[in-house]
Amino acid sequence: MCTAVTYKTKDHYFGRNLDLEYYYNETVTITPRNYVFKFRKMGELKTHFAMIGMAYVVEDYPLYYDATNEEGLSMAGLSFPGNAVYYGYDGQKDNIAPFELIPWVLGRCACVDEVRQMLRRLIGIKGKVRGILRL
């Protein structure tokens with residue numbers, strides 16, 4: 001299982017380990033502002049925050065394991081086998097593939113409150129988003 005940690009004093013530190021015995025050719029990856037992300041169902045994201053993190057890059061597309069954007073917002077894709085739920089396409093929601101989630105969120109959100117709003121559209125919650133983001 002992977003573990004992530006964040007430490008915030010006057011500075012912000014974020015890290016995680018990848019508890020695997022094999023290597024995917026991941027590397028520190030910087031995505032500059034306004035690099036065009038092409039999403040499978042949500043078109044292109046042409047204007048976004050810059051981000052840095054660990055990614056495996058396939059055909060110039062960074063498959064981020066974890067990243068931090070220029071506003072200081074960080075996230076990691078952690079593996080919890082057996083707990084994921086994948087839904088089919090729904091025209092009433094934002095439809096993001098799992099590998100697109102980190103650039104989708106960090107490219108557009110500057111703070112956790114913005115992430116909560118985005119998750120409402122992503123998973124179709126109308127009320128408060130509770131239990132989805134642990135702070």
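Y35, F37, F39, Y61, F99 and W104 make up one aromatic cluster in this predicted model, where local features need pLDDT of at least 70, side-chain atom pairs count only at pLDDT 80 or more, and totals for chains, interfaces and linings use all residues. Residues are numbered from 1 along each chain as its sequence is written, and side-chain values use heavy atoms, with hydrogens and water left out.

The count comes to 6 aromatic pairs, where rings of Phe, Tyr and Trp (its six-membered ring) pair if their centres lie within 6.5 Å, and planes under 30 degrees apart count as stacked, over 60 as edge-to-face and the rest as tilted. Two of the pairs are edge-to-face, F39 with W104 and Y61 with F99.

| Pair | Centre to centre | Angle between planes |
|---|---|---|
| F39 and W104 | 5.1 Å | 85 degrees |
| Y61 and F99 | 5.9 Å | 80 degrees |

F39 belongs to strand 4 (residues 37-39) and W104 to helix 1 (residues 101-108), so their pair ties together parts 65 residues apart in sequence; helices (H or I, at least four residues) and strands (E, at least two) are DSSP runs, numbered from the N terminus. Y61 in strand 7 (residues 61-69) and F99 in the loop between strand 8 (74-76) and helix 1 are 38 residues apart.

Both F39 and W104 are buried, meaning under 20% relative accessible area, with exposed over 50% and partly exposed in between (1.4 Å probe, protein chains only). Y61 counts as buried at 13% relative accessibility, whereas F99, at 33%, counts as partly exposed.
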